[in-house]
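Please read the points below with the sequence and the model open side by side.

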Amino acid sequence: MTTAYEDVPFSELLHHPGATTRRLDAVRALRLRRRDAGDLALMRVDQMERDATVVDFTTRLLAGLVRTGNIAALRQALPEALPWSTFLPAEDIDAFLAELVDTARGAVALDNLTPIALLLTQWRHSAEIYADPALSAILTREPDGDLGPVAVPEASE
């Protein structure tokens with residue numbers, strides 16, 4: 001396999017299913033472009049299972065490093081895996097790593113990687129704030145004076 005995926009119009013799969021799926025002999029997956037909806041991915045089940053095995057292994061390795069107390073190794077490798085993490089304060093790095101391991105374990109157990117992607121996005125946004133001193137100052141300063149009364153929440157029925 002030479003490339004990770006190939007872009008293919010969804011209509012090509014509909015009109016030439018055999019020829020289109022044979023392209024999976026040369027690539028890991030096909031990205032099926034759709035005009036009126038989000039793109040889809042088409043891949044062989046054995047490729048999907050290999051990907052899942054790698055994710056499971058990586059999660060268990062990460063969890064094992066944390067469990068054995070080898071946080072120093074994780075902290076050292078983190079900037080290579082996630083360059084934006086260099087902007088996080090040291091105490092946030094520890095919180096991020098603990099949260100990442102817990103989330104990854106749960107996500108793999110559910111066969112749903114969305115929580116990991118969401119967590120990485122949230123922490124990346126935190127790093128973006130720390131990287132911009134002006135933005136960080138705005139978001140972390142104490143409010144000026146009393147912000148006024150808080151409305152009573154409506155009762156839910």
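1. Serine 85 lies in the loop between H4 and H5, where helices (H or I, at least four residues) and strands (E, at least two) are DSSP runs numbered from the N terminus. This is a predicted model, in which local features need pLDDT of at least 70 and side-chain atom pairs count only at pLDDT 80 or more, while totals for chains, interfaces and linings use all residues. Residues are numbered from 1 along each chain as its sequence is written, and side-chain values use heavy atoms, with hydrogens and water left out.

2. Is serine 85 buried or exposed? Serine 85 counts as buried, because its relative accessibility is 2%; the cut-offs are under 20% relative accessible area for buried, over 50% for exposed and partly exposed in between, with a 1.4 Å probe and protein chains only. The side chain of serine 85 reaches the backbone oxygen of leucine 82 at 2.7 Å. Leaving aside residues up to four places away in sequence, serine 85 touches Leu78, Pro79 and Ile93, contact meaning heavy atoms within 4.5 Å.

3. Helix H4 (residues 71-81) and helix H5 (residues 90-110) meet at an angle of about 105 degrees, with their axes 11 Å apart; axes are lines fitted to C-alpha atoms, for helices over the stretch in contact, and angles run from 0 to 180 degrees between N-to-C directions. H4 and H5 are therefore roughly perpendicular to each other, given that angles under 35 degrees count as roughly parallel, over 145 as roughly antiparallel, 65 to 115 as roughly perpendicular and the rest as oblique.

4. Which residues bring H4 and H5 together? From H4 come Ile71, Leu74, Arg75 and Leu78, and they meet Ala90, Ile93, Asp94, Phe96 and Leu97 in H5. By class, the contact of H4 with H5 holds seven nonpolar, no polar and two charged residues, where Ala, Val, Leu, Ile, Met, Phe, Trp, Tyr, Cys and Pro count as nonpolar, Asp, Glu, Lys and Arg as charged, and the others, Gly among them, as polar.

5. A further helix pair is formed by H6 (residues 114-131) and H7 (residues 133-140), which pack at an angle of about 105 degrees with their axes 5 Å apart, and H6 and H7 are therefore roughly perpendicular to each other. Ile129, Tyr130 and Ala131 in H6 meet Pro133, Leu135, Ser136 and Leu139 in H7, and the residues of this contact divide into six nonpolar, one polar and no charged. Arginine 124 is also found in H6 and is partly exposed, with a relative accessible area of 43%.

6. The strands form an open sheet of three, in the order E1-E2-E3 and with mixed pairing; two strands pair if DSSP finds at least two bridges between them. Strand E1 (3-9) and strand E3 (40-43) stand at the edges with a single partner strand each, so one side of each is left without a neighbour in the sheet. The twist averages 30 degrees from one strand to the next.

7. Within the sheet, E1 and E2 run parallel and are joined by six bridges, with proline 9 opposite arginine 33 in E2. Strand E2 (residues 27-33) and E3 run antiparallel through four bridges, and E2 and E3 form a hairpin with six residues between them. Across this pairing, alanine 29 stands opposite methionine 43 in E3, and arginine 31 stands opposite alanine 41 in E3.

Methods:
Polar contact = N/O pair within 3.5 Å; in protein donor to acceptor, adjacent residues only side chain to side chain.
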